[in-house]
Every structure is written in C-alpha cells, then in structure tokens.
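Please consult the sequence and structure shown below while reading.

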Amino acid sequence: MSDVTANPGETPMGTANAETMVDLTAAHEAAAEVDELLAQSLGQYFRAWWVRVRGGDSGVLPVVLAIIVVAVSFQIANSKFLSAQNLVNLFEQSTIYMLLAMAEIFALLLGEIDLSVGLVMGLGSVIVAELVQPGRNWPWWAAIIVALLACAAFGGAQGWLVAKLKMPSFIVTLGGLLILEGVAIIVLGGSLVGIGNSQYTNEVVIFNIFWGSFSPLVGWILLAVLVAAAGTGFWLQDARKRRHGLETAPRSLTAMKIVLMAVAGIAVVAICNFNRAHFGVIEGVPYIIPIVLVVLAASTVLLQRTRFGRYVYAIGGNAEAARRAGVSLPAVRIWCFVISALISAIAGVLFASWQVSLTTNIIKAANSYVLLAVAAAVIGGTSLFGGRGKTIHGVLGGLVIGAIYNGLYLLSVPSQWIDVAVAAVLLAAAVIDVLSRRGAQRQA
Amino acid sequence: MSPDQENHVTADSGATADETAEVTQVEVQVRVSRFRVRRHTGETAEGTQVELPAAPDVPAADVPSELLAQSLGQYFQAWRLRIRSGDSGILPVIGGIVLVAVVFQIVTPEHSFLRPSNLVFIFGLSTVYMVLAMAETVVLLLAEIDLSVGAVALIGGTIAFKLVQQPGPDWPWWAGILAALAICGVIGALQGALTSRLKIPSFVVTLAGFLLFSGILIIVLGGADGFVNLDSSETNQRIIYDLVQGNIVPVASWVLLAVAVVAVGTALWLRAASRRRQGLVAPPVGLTVVRIALVAVIGVVVVLICNVNRGTSLVTVQGLPWVVPIVLVLLGAWTVLLERTRFGRYVYAIGGNPEAARRAGVSLVGIRTWSFALCSATAGLGGILLGSFFYGEYSTNTADPGQLVLYTVAAAVIGGVSLFGGRGKAIHGVLGGLLIGAIAYGVSLLNLGEYATPMEYILPGAVLLAAVLIDTQSRRGTGSVTRV
C-alpha cells in the first residue's frame, strides 16, 4: 500500500481499473519533469523541486516560511528582536526544544511516540548535577557518560517493552515518565542541587557547556575548518559518483550548497561575535551551537545514509512489509528508543547547565517539554504516523517555538499568551500538512 | 488513531482485488523515480486488528454465551470462559483495587487506610480522575485521543466559579454550572469538528487545544497569580461548594439508598420480564435477583461507611457525600448513552471499524464531533467537582493540566479501556480513577519522608505498565493481538 508500489511499472494487473489508469497518465505528465535526483542543471533542479512542493511534499518549506513570518512580525513589533544579542538569546531558548524534538523524531518515524523525553532529560540533568557535587566530585566527563548511559538504558527498557512485549508506546512511555519523575526526585534527594560554584572545576565545566563560548578568533577558525571539510566532502562525493557513472547533482548545485553553507556560517559567527553583555564582555560562538549541529549531523547521517536509517523509514512506512523483507523489527525499534533517550540525555546535560540549580519543581516542569517537543517536530514537518520526517525538522520546529517564546517575552506579553501562540502555530502547521497532502491526493 | 484509518481498513483485513483497487485510488501518489516510503499502514493495521472482538464462546460451542445463558450456573460458566479467553472486563481493575486496599491496610501506620474517613476522602480525591476518565473513554472508544481534557476541565471549573461570584455576575448556581458545561461542550465540538472534518489527527488538534486552553485558563483566572474562590456563607455559592464537601444527613442517605435500590431493582426486573414476555432472550431470573441483591449490599456498605462520624468528638461529620450520587448518576447516564442508544452503538462501530461504519450509513463527522463535545462537557463537570474538592478555591496551582490529562488517560487504560478504539465502558473510567486516587492517598498515608513524593509518581506508573502488560499478554494467543 505504500508509494513504492505506486510505480506504474509495478502495478499489478488485477488492480488496473479506471483509477489506476488516471494514475498512469498523471505519472506520465510528471515524468516530463525530471526528478531532483536526476536533475542535470540548476534550472531543472529548481523546476523539479517546485513540482515536488506543489505535489504536497513540501519538506522544510512551510517551517522556513513560518520562521521568516515570525521573525519579520516580531522585528516590526520590537526592533530588538533581530539584534545580535537577542538572536543568540533566542538560540539559547530554543536549544532544549530542538534537542528534544530530534529525540522525539526517532520515535515518530517508527509511528510510535515517546512521552518520556522530557523526564529522561530531567533524569539526565539530575544525575550530572549530583555527580559533580563536591561530595562525590566525579570528573565532569564521567558524570556526563554515566548520565547518558543511565538514560540510554532506560530508553532501552522502554523500547524492549514496546518491541518485544508489543505494548503500545504511548502507554509504556506514559508509565515511564511517571516512574522517571519519581526516580529523578529520589536522585535529587529532595534538596536543591546547584552547579554554579566557581571553586570546583567540574561544576564550572558543566556550567560552561551551556553558558560558555569560543573566543571570536577560534569561532572563525572553526568555521573555516568546518566549511573546508564539508565542502571537500561534498565535492569528493560528487566526483566519485560521477567517476562511477552514477546520477550526480549538477556541479553548480554543489558549489551553491557550499557557498550557502559558508555564507550562513559567516553570518552566525559574525552575529555571535558581537559583544552581548550588558557589562563586561560576552562574545563568541556559544558551545551549544556546535553541540546542536553535531547531534543534527550525526542523526541525519544515521537516518539518511545508513542501513539502520533505511530500516527506520521502512518500518514507519509499513512495518509488515519491512518484516517480510527481513528487517528485525524489535532490534530497530529498541535502538530507536535508545537513541531517543540518548539525545534527551544530551538535552539533560544542557538543561542542568542552563538551569544552574535544580529543584523538585524544575524536575516536575521538565514534563511540560514533552508536548512542546512533539509540537516542534510536527511544526517542523514530521508526520505523527511514521515514515516521514528528518531531524532537521526538529531543529527548525524548535527554533519556531523558541522564537515565539523569545519574541513574546521581548514584547512583555504574559506567558499564558505564549501557549496560545504556540497552539496557533501548531494548528496552522497541521492544517497546512493536511491540505498539502489532500492536494497531492487530488493530483494523483 | 490514524486520520486515514477509513482508507486503510479494507487493505488490512480483506484483500480481494476490488478492495485493493479502491484503496490504491486513495493511496497512490505518483513519485516517478523517487523511492520513498511515506505511508504508514503498519500502525493502522495494528489499530484495527487488535480490536476484533474475540468470540468468547468459540472454544466451547456447547456452553452458551452469557447473553443466552438460561440458568445462573450456565451464566457463570460462560463468564469464566470469556475471562479465560482474554476478555476479562473489569475483573483486573477490581483485583487491583482489592490488592491496593489490602496492601495499604497492612502497611499504613495503625492500619488506617480503610478507616471510613479515609475511604470517603479517597472518593473525593478520585472524583476528578473518575469523571475525566469517563469523559476520555468516549473519545478513546473512537480510537481518537483528547489531550485537552485537563485544561478544559480547569476552564470549566473556573468559569462556573466566576459566574456565581458575589459581587460579580451573581448567577444562580445551576445557571453557572450549565453555562460552564455549555462553553466546554462548544470547545469540544470545535476540536471534534477540526479532527473529523479537516482530518487533522486528534492528537495534534487536542495537543494544540491543550496549549491553547492552558493559556486561556490563566487568562480567565486573571493572570499567573489569579484565583477565584467560593464564599461558603452564601447559599448560592454554598451549593457548588457542597458538591464534594457537603454530605447528605444519615437518615436521608438511607432513604436515598432505599429509593435507588427499589428503582434499579424494579427497572431490571421489569425489563427482564418484558423480554421474557415477548419471547426474547432474557437473563435467568436467578441472575436478576443476584444483581439486585448485589446493588443493595454495596449500597448498604457504602452508606454504612459514610454514616460513621468522621469528624472529631466536637464536630460531627457524617453522611453520604453528595459527590457519590453525582458520580453514580453520571456513570448511569454515560452507560445508558453508550450501551443502550443508537449514538453509543455508532461510537463502538466507528471504534471497531470506521470504514465499515461509514458504509453502513453512520455519519462519522457527526458522531465524532458530538463525542468530543460530550467529552469536553463532562470534563467541565469534573473541573467543577475538582474545585469543590479543594474547598471551593481555584488558582493556577490547583492542578497542572498536563499532569491531569496524563493521569486521566492512565486511569482509563488501567480501568480497561483500549487505546485503539472499540473496547471500553464508562465504568472502566470510574474504577481506574478510583485505583489512581487510592494509590495516591495510600502513599501519602505512609511515613515515607523524602520518598513520599516520588512514590506518588512511581506507583501509578508501575500500575499502568502492569495493567497494560497483563492486558497485552492475556490477549496474546486469542488472535486479537496481531501487531508485527
């Protein structure tokens, strides 16, 4: 029943009635336009892209437009919104949403849901903060590793219940979040735990993960290295494909991608290198930007370039078909829950650093991030029903939510209106998604 | 829970060529050379097939099903067969409640868990979960979900409380309650219309609704530190205050019980008699008698417990709390609506197989919209009762709407309602809510010190997992779990 079988060449004879005939003609019309993968020139590529967008598969376009609309309207309402200082601030506020949304996408792609990401983050943050306290005084890296392992193990347990015992993920992770809430409060020990004491090196390192920045010069050097590496990578990959006679993107497109990346990178580094302190000097690229980028790149490679990723999309598209094709459903499902918990735990390390001190109430509030993480993923363009989505959607959706929080806060709008605004964006995203899919069906 | 469920159903169960062709019409999207898997029939397959009712009397056709049983013995035999085949109904949650009661009675200091005062308090504490879980049940029956019940409930309570304020709108209490329920009903109808007409997944619509109404709740309350409370010295406000806090005097409690038992008994008896007269299949006379006796015994025990003085030697507090008959009436209304009316049959039909229901002429849009409306209106009532339980005071700290909805779904599922539609009853919500309330209060009775708060989360979570684990394992091998 998936789109794969819709390829006209494979249409079973038994089903070739009036409806499928229509499909065939539509296929021929579409065939006049070359697909993006096969595009030979920049012009062809953009035409193919436009056909795909009109066909209902709009990818990241709606969420990028949403970011532009949000940015322009807030900039009109308050000219501080697009100031260098506020943009960094905005990214800081979006970080947790971005990471949790990326974590959630690993469950959503399977057609499952993970309601526990917020509290996995909570548990991770408490473990890190507790272990670097002077009494225990673990090295910061050991604390982080233990937190990641503990959370991954919990994710594995949840995944095992879902995959092996066939319990619905909604319930498993709902029960999981309740249990985690209790466990996190027990680990916290009922009292306040802070990581802000500058006498202890390990606490300072944890604090700096969220609040620290590269010096401006290092920022530029890192950017140069990154662009050079990615550019060479793209270029070499293309060259190799061309040498092997495979379909390759036009050279101009590759060049444009590299230039675009360089320009975006320069803009980000330039913005971050402004002094954003009221007193003294705070400047440079915050560590959280490379952290988010590394998670994004790693998860994108995992999902788009590895066998595991293909299996994830296959299961999300049609689990039974994937099983018959020989995919081990339990293994892939368990690993997805482990990865989801792992990314949530990374968010937890940042959360501990961001909050500086953790209390029972903050742990309880960690739960409220779950629904916003799902909202960020859906706003970004990931389907709730599996098989469709990328982790970049989580980053962009998280940015929308962060921008709304930041913009309304700048306008000193009371926090309750922020929920209202996020709800409106979520509904709009869902309506756009439904309408575009409907348009696609009509065309087909 | 898929919005496209209607489109997929035939593909999963049938598979004749014609059906497949019809499905392709909907599903085919032409992608010339881009091999991308975008569909998600796997989830739906599970959703529709899990709920195929397991025929209880197949394994032993010589034992008639409960409906056809001619004697008490046959009836119990049929009942045992049904349970053994995995369709255990309310038995697990009753077992859970008994287990929780026994365990807490043993471990609480001075064995105080089953004291009358505690039992009455547990009922008050559980009220909001019971009512919200009943509300959620109708939506879960459709294989949809409503994540906004918590926020809507709190809005309903706040509106009702605001409308009877004096000085202020000073509406009569019944008008305040009706207005609150109507507003909640409209909210639900809007969400239902968005889900059913635009085919946006209910998870997304009600997630947006949850955010939206959590924000609006604070606006209605008048800011982050706004609050509204009832003045119990005003007769009009006192009535709403008394919904949970007020008691019926002991004598009146007995009279009420007698009237209720006689009414229920007569109704059961007359219905059985009329069926028998018309030659329809009727339950054995013995069963009807046992049922009436059971109602009477439970009623007597409840009234006896409530009539014990649970105040101090100076201030007497006794009698049946008003909230008990209120919850029972609501339960009766929901049970009748779901099991005895056309609306209810359609709800189960849609939950079981939406496409089949649509072809049979059921208006999917109409039933779904009404279900969401009724769910939200019931949730509004739950919110009013919640406020009354908190001594007539509403603030932003009264309850967290997100927590409320998670507990609500947990209560419904623990009670025995399926997340995948078509299976569940209002009584499941009530029993699940009671179990959650009992655990929460039992934990608070133990002197756990710093472990008290964590345990209030861990125990319901563990119970939820255990309940669903038992459910999925018991249905294994009956052919009703076909998830790959």
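## Architecture of the two chains

Chain B contains 19 helices and four strands, where helices (H or I, at least four residues) and strands (E, at least two) are DSSP runs numbered from the N terminus. The model is predicted: local features need pLDDT of at least 70 and side-chain atom pairs count only at pLDDT 80 or more, whereas totals for chains, interfaces and linings use all residues. Residues are numbered from 1 along each chain as its sequence is written, and chains are lettered from A and ligands numbered from 1 in the order in which they are written.

Chain A has 18 helices and two strands. The table sets out the burial of each chain. A residue is buried if 20 or more other C-beta atoms lie within 10 Å of its own, exposed if 12 or fewer, and partly exposed in between, with C-beta atoms placed from the backbone.

| Chain | Residues | Buried share |
|---|---|---|
| Chain A | 444 residues | 48% buried |
| Chain B | 484 residues | 48% buried |

Two residues are in contact if their C-beta atoms, placed from the backbone, lie within 7 Å. In chain A, 76% of the contacts with a separation of 6 or more are between residues 24 or more positions apart. For chain B, among contacts between residues at least 6 apart in sequence, 76% join residues at least 24 apart.

## Confidence in chain A

The predictor's confidence in each residue is expressed as pLDDT, from 0 to 100. Chain A has a mean pLDDT of 85, with 89% of its residues reaching 70 or more. Over residues 1-31 of chain A, pLDDT stays under 50, and the model has 53 contacts beyond four places in sequence for this segment. Where pLDDT is low, the predicted coordinates should not be read in detail.

## Domains of chain A

An automatic or database domain assignment supplies the domain bounds. Chain A is divided into domain 1 (60-212 + 286-443) and domain 2 (215-281). The C-alpha centres of domain 1 of chain A and domain 2 of chain A are 25 Å apart. Contact between them involves six residues of domain 1 of chain A and five residues of domain 2 of chain A. On the side of domain 1 of chain A that touches domain 2 of chain A, helix α4 (residues 84-108) of chain A provides the largest share, four residues. By class, that side of domain 1 of chain A has five nonpolar, one polar and no charged residues. Here Ala, Val, Leu, Ile, Met, Phe, Trp, Tyr, Cys and Pro count as nonpolar, Asp, Glu, Lys and Arg as charged, and the others, Gly among them, as polar.

A nonpolar core is a set of buried Ala, Val, Leu, Ile, Met, Phe, Trp, Tyr and Cys residues joined through C-beta atoms within 7 Å. The largest such core has 256 residues, and A:L99 and A:L426 have the most contacts inside it. Helix α14(A) gives the most to this core, with 18 residues. Beyond its neighbours within four places in sequence, A:L99 is in contact with A:V292, A:V295, A:I343, A:I346, A:A347 and A:L350.

Of the 27 residues of α14(A), 24 are buried, so this helix is largely enclosed by the rest of the structure. After α14(A) comes A:V356, whose phi is positive, near 65°.

Just after α9(A), A:G245 takes a positive phi of about 75°.

A:I67 is found in helix α3 (residues 61-77) of chain A. With 16 other C-beta atoms within 10 Å, A:I67 is partly exposed. Not counting residues up to four places away in sequence, A:I67 touches A:L396, A:L399, A:V400 and A:A403.

## Backbone features in loops

The peptide bond from B:Q166 to B:P167 is cis, with omega near 5°. B:P167 is placed in the loop between α7 (149-163) and α8 (173-198) of chain B.

A:K166, in the loop between α6 (140-163) and α7 (169-188) of chain A, has a positive phi near 60° and is a residue other than glycine. A:K166 is partly exposed, with 18 other C-beta atoms within 10 Å. B:E110, in the loop between α5 (91-107) and α6 (116-141) of chain B, has a positive phi of about 60° although it is not a glycine. B:E110 counts as exposed, with 7 C-beta neighbours inside 10 Å.
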